[in-house]
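Subject: Structure handover

Hello,

The sequence and the structure are below.

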Amino acid sequence: MTSSFQTHIHPVKEDTLSGKATNDIKIYSRQTNLIYPITGKFIIATGLKTAFVNINSNALYKNLIAGNWQEDTHLSSSFGYKENIQAGYFQVNTIWTSRFSTEIGLRLENTNTQSKYNSANQDTTFKKSYVHLFPTLMAQYRLSENHGFSVLYGRRIIRPNYRNMNPFVEVRDQFLYEQGNTALKPELIDNIEISWLFRKRYSFNAFYSHRTNPISLSFLVDDNNRVLVMPLNLSGNHSFGVRIGFNNLQPFQWWTANINGSVTHKKFDWMMDGHTFKNQVTTPMIHISNQWTLPYGWKGEASGFYSGEMIEGQTRIKPLWTLSLGARKNLFKDKFSLYIYAHDIFHSNRPRVAIDTSCLYYTSTEKNDSRMIGMTLSYRFNRGKEIKKSQQGNRIEESKRIGLQDKR
């Protein structure tokens, strides 16, 4: 990587930096579940789980000085991390009457972690141990064949991404660095939802969510006037709003439409330099999809969405929208399926991020081109029987925290 700072056309400073990072991640997980129906209306479910994670990482940086590569001891480092999670849950599902049913559960988790970071300026070992309880409650009441209400409360945990805990320094250029944070705490989320379903077609939902220690990428300015991007635990996050859904609408026999929308108010709070900062916004969002029956066995479709300004931590994401079109047709007694599509035809799905604080103003725009035109032809080998989907990918939740993709 080569970076330079320029005034008009004359470079003031230029440097060349080489970086190499290696990672070894091992995850072991065991889980057992038992479902025991005492009666047809009273079912007990319980289970145990244990998971072990072992990570070893090394980062080596070198500067090109006078034609020779020399190690940058301030950036080079090594990181080791061990984690053990032991969990158990108990759940009771009860059908009280033909109209009223409940699901009540409790999950207990014990987590032990140890991390060791070694660099030229630091050699530190961190140990953490914590226990959390996660209750869940869902109650459903059916007023009639067409009306139904439900209430849901649940608490869940989001543990830090392994990459976010790794304190390695990732150099974007000489003015922008990214670094992990070994001091990250897990994020706890409490959700409450009240829903009404009418004729299995119209839905109305009111929700409230509170996040304790929300994890968010934060932008800091260090003593060298460089911007340091680091995941931090913010003070808190509150969000509430309403969702509506109108599904399987048929203005005409040949036209089916689905409309889903929401209005959400979200607010983040955090401390910096002894001051409290807030970031809040109300975001409207709507998604519309249409399917049409066309002549000669063709089916057309059009879908699109609009999202108003959103926030996450310190950042604001400008409004987004997109429109996609498609056409389908089955061939040769439904053995072949032809699909022609065009996604994001106006090239409007380009996230624009902005940060405006007392010490930093930052903007970025993604230039990736998400427009796509294509055609797929598929052949059905089975005889129409439903193929059971494998859920092996969902069994080890810890693997989702590896996060090898770009953090931004």
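**The cavity**

The lining of the largest cavity is made up of eight nonpolar, four polar and five charged residues. In that count, Ala, Val, Leu, Ile, Met, Phe, Trp, Tyr, Cys and Pro are nonpolar, Asp, Glu, Lys and Arg are charged, and the others, Gly among them, are polar.

This is a predicted model: local features need pLDDT of at least 70, side-chain atom pairs count only at pLDDT 80 or more, and totals for chains, interfaces and linings use all residues. Residues are numbered from 1 along each chain as its sequence is written, and side-chain values use heavy atoms, with hydrogens and water left out.

A cavity here is a set of points, on a 1 Å grid over the protein atoms alone, where a 1.4 Å probe fits but cannot get out; a pocket is an open set with protein on both sides within 12 Å along at least five of seven lines; lining residues have an atom within 4 Å of a point. Points are joined across faces, edges and corners, and a volume is the space filled by probe spheres set on them.

There is one cavity of 30 Å³ or more, and the volume of the largest cavity is about 150 Å³. Its lining has 17 residues, with Tyr81, Thr113, Lys128, Met165 and Leu184 nearest the centre. Strands β5, β6 and β7 each supply at least two lining residues; β7 gives the most, four.

The largest pocket has a volume of about 890 Å³. Of its 32 lining residues, Lys49, Arg107, Glu109, Ile157 and Glu397 are the closest to the centre. Two or more residues of this lining come from each of β2 (10–39), β3, β5, β6 (100–119), β7 (123–142) and β8 (147–158). The most come from β8, which gives five. By class, the pocket lining holds 10 nonpolar, 11 polar and 11 charged residues.

**Chain and cores**

Of its 408 residues, 34% are buried (buried is under 20% relative accessible area, exposed over 50%, partly exposed in between; 1.4 Å probe, protein chains only).

A nonpolar core is a set of buried Ala, Val, Leu, Ile, Met, Phe, Trp, Tyr and Cys residues joined through side-chain atoms within 4.5 Å. The largest one has 19 residues, and Tyr61, Leu75, Tyr81, Tyr162, Val171 and Tyr177 touch the most other members. At least two of its residues come from each of β3 (42–65), β5 (77–95), α1 (162–165), β9 (169–173) and β14 (227–233). β3 has the largest share of this core, four residues. Another core, of seven residues, lies apart from it and includes Phe268, Trp270, Phe277 and Val281.

Contact means heavy atoms within 4.5 Å. Leaving aside neighbours within four places in sequence, Tyr177 is in contact with Leu75, Val169, Glu170, Val171, Arg226, Val227, Leu228 and Val229.

**Ile104**

Ile104 sits in strand β6. Ile104 counts as partly exposed because its relative accessibility is 49%. With neighbours within four places in sequence left out, Ile104 contacts Phe90, Gln91, Val92, Thr136 and Leu137. Ile104 and Met138 are 34 residues apart in sequence and 6.6 Å apart in space, C-alpha to C-alpha.

Regards
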